[in-house]
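I opened the notebook to record what I looked up in this structure. The entries follow in the order of my look-ups.

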Amino acid sequence: MPKTASSKRWLQRHINDPYVQKAQREGMRSRAAYKLLEIQEKDRLIRRGQVIVDLGAAPGGWSQVAARILDGRGRVIALDLLPMDSLAGVDFIQGDFREDAVLRQMREVLAGAAVDLVISDMLPNVTGVAAVDQPKSIYLCELALDFARECLKPGGDFLVKVYQGEGFEPFLREMRASFTKVQTRKPEASRSISREVYLLGRGKRVQSTEN
């Protein structure tokens, strides 16, 4: 099938992207690695000794960054629907995050270990139609937040990619109800034309058990 004009423009922009070129030079798995590195430089959310869960991990840019920072002192458990080449210091689960069986497998790998940090760069299969793509994206964010609330230890942190648009403000309110501080990050490596931002929840709140 011949390439459309828009796909040709995207391909040319991708090839000329300085972060794509930098990733190729430095052996990083994706340009997304530099988004996490920028956030890490500012917020120091990854620390040695942590247990980290990476949702939507493939091709592995974020897991690669996290494992390098941990340097063998800590664990990274990565999950994605797509396959991912193995990485030293990373346990990988391939499956659909929306399926209960995959979440059970994640819990088995964790084996009761408290999670210090959940990072999510998940993105649904996009159609290019905002009215379709935005709700799907927010749904994945909500699933990631539910997982973080369940598995993070008290005081744990959560970093998630969110697209601004319908559903963003309600999701932000849910984040604020779940963490003591919520900050918005827009790394330089995030394309300026993109509506994506990253919400960083610091300090998971202890949920009340009262009726």
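Which residues is Ser30 in contact with, leaving aside its neighbours within four places in sequence? I found Ala23, Pro59 and Gly61, where contact means heavy atoms within 4.5 Å.

The model is predicted, and local features need pLDDT of at least 70, side-chain atom pairs count only at pLDDT 80 or more, and totals for chains, interfaces and linings use all residues. Residues are numbered from 1 along each chain as its sequence is written, and side-chain values use heavy atoms, with hydrogens and water left out.

**Ser30.** I located Ser30 in the loop between helix 2 (18-26) and helix 3 (32-43). Helices are DSSP runs of H or I with at least four residues, numbered from the N terminus. Ser30 has a relative accessible area of 16%, so I noted Ser30 as buried (under 20% relative accessible area, 1.4 Å probe, protein chains only).

**Lys35.** I then moved to Lys35, which lies in helix 3. Lys35 counts as buried because its relative accessibility is 7%. Its side chain is joined to that of Glu196 by a polar contact of 2.7 Å. A polar contact is a pair of N or O atoms within 3.5 Å; within protein, one must be able to donate a hydrogen and the other to accept it, and residues adjacent in sequence count only if both atoms are side-chain atoms. Leaving aside neighbours within four places in sequence, I listed the contacts of Lys35, among them Pro187, Ala189 and Tyr198. I also looked up Arg185: from Lys35, it is 150 residues away in sequence and 9.5 Å away in space, C-alpha to C-alpha.

Notes. Helices (H or I, at least four residues) and strands (E, at least two) are DSSP runs, numbered from the N terminus. Buried means under 20% relative accessible area, exposed over 50%, partly exposed in between (1.4 Å probe, protein chains only).
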